[in-house]
Amino acid sequence: MSKFGMGRGLADIQHEMGNVPDISVLTGAGRVVVKQIPLAQIGANPDQPRKTFTESELSELAASIKEKGVLQPILLRAVTGQPYMYEIVAGERRFRASKMAGLSEIPALVKTITPESAMEIALIENVQRENLNAIEEAAAYKNIMEKCNYELSDVARLIGKSESYIRNIMRLDTLPNDVKDMVKSGAISASHARAIAVAENPTELAHRIIDNKMSVSDTERVVRTSVRKKSSRAYNAHTIDEQTIRDMEKQISSALSVHVQVKEKRGGAGQIILSFATRTQMHDLINKLIGN
């Protein structure tokens, strides 16, 4: 059974939301009619992944709506305990442009949808249409994982992207707000931001990128030699410097009278390898280790 709240419902919804505004369709639950809903009765979804709507794109769509009307119904769900009656699941851009165009109502398909399913649909719509900037995308993945108790693998299946892609994007959500603003404005690219997200001083590096017009490869080289965040995988992979490891080896070797190698792996795991030359040395080593 699918973990996702909408199950097979997305295909039905995509079929229902055609280009003809005045339609009625059959679903498993019965007949659903596309209605004209007053804009005053509609509110935005607080979990809408897309937070940025530029004036220019809304103006262009508003002009088209004035001329041709809203060609594709928006998707709503009924809500309770709010000053409005319906909440947008998909189509907030059309809703905003319709307001700008001076409309009083909008064609909408009203469905009974859980908050979890509404989040899934909104995320899929925005990711598939590439409506989100990288910062919004990172926040959307984090939000749906926290609120729906999803794992990385669940989100990967939901949107059809690899776990490594999602993990890399989500690194951007750890950046300071001033660096996030630089990404949103285009001052630095998402690739630059992903590179500096593991650094202890991302704001300083972001300004260096802008001031020196650094390429992504240049940025990556700088980050490799900079101090890392304690939470980063790269930091955890190199928490013990080489000289400290050599000192540890000497101390253990002196105590046990055998050759010693200390090997640290990613995340702090590792091995201590004890080498002996003769069977007598092996027995001496065992006795020391077990305290005989």
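Are glutamate 87 and arginine 77 buried or exposed? In this predicted model, glutamate 87 is buried, and arginine 77 is buried as well. The two residues form a salt bridge in which the closest N and O atoms are 3.3 Å apart, and the pair links distant parts of the chain, since glutamate 87 belongs to strand E5 (residues 86-90) and arginine 77 to strand E4 (residues 74-78), ten residues apart.

Elsewhere, two helices meet. Helix H5 (residues 134-148) packs against helix H7 (residues 163-170) at an angle of about 110 degrees, with the axes 8 Å apart, which makes H5 roughly perpendicular to H7. On the H5 side the contact is made by Ala134, Glu137, Ala138, Tyr141, Lys142 and Met145, and on the H7 side by Tyr165, Ile166, Ile169 and Met170; these residues divide into eight nonpolar, no polar and two charged.

Lysine 142 also forms a salt bridge with aspartate 173, the closest N and O atoms being 3.2 Å apart. This pair, too, links distant parts of the chain, with lysine 142 in helix H5 and aspartate 173 in the loop between H7 and helix H8 (177-185), 31 residues apart. Aspartate 173 has a relative accessible area of 17% and is therefore buried, whereas lysine 142, at 35%, counts as partly exposed.

A further salt bridge joins the side chains of glutamate 249 and arginine 246 at 2.9 Å, N to O, and both residues lie in helix H13 (residues 242-256), three residues apart, about one turn of the helix. Glutamate 249 is buried, at a relative accessible area of 12%, while arginine 246, at 31%, is partly exposed. Salt bridges that share partners join Lys142, Asp173 and Lys180 into one network.

Definitions and conventions
Residues numbered from 1 in each chain as written. Predicted model: local features only at pLDDT ≥ 70, side-chain atom pairs only at ≥ 80, totals over all residues. Heavy atoms only, no water. Axes fitted to C-alpha atoms, helices over the stretch in contact; angles between N-to-C directions. Helix = DSSP H or I, 4+ residues; strand = E, 2+ residues; numbered from the N terminus. Parallel < 35°, antiparallel > 145°, perpendicular 65-115°, else oblique. Contact = heavy atoms within 4.5 Å. Nonpolar A, V, L, I, M, F, W, Y, C, P; charged D, E, K, R; others polar. Salt bridge = Lys/Arg side-chain N within 4 Å of Asp/Glu carboxyl O. Buried < 20%, exposed > 50% of the residue type's maximum accessible area, 1.4 Å probe, protein only.
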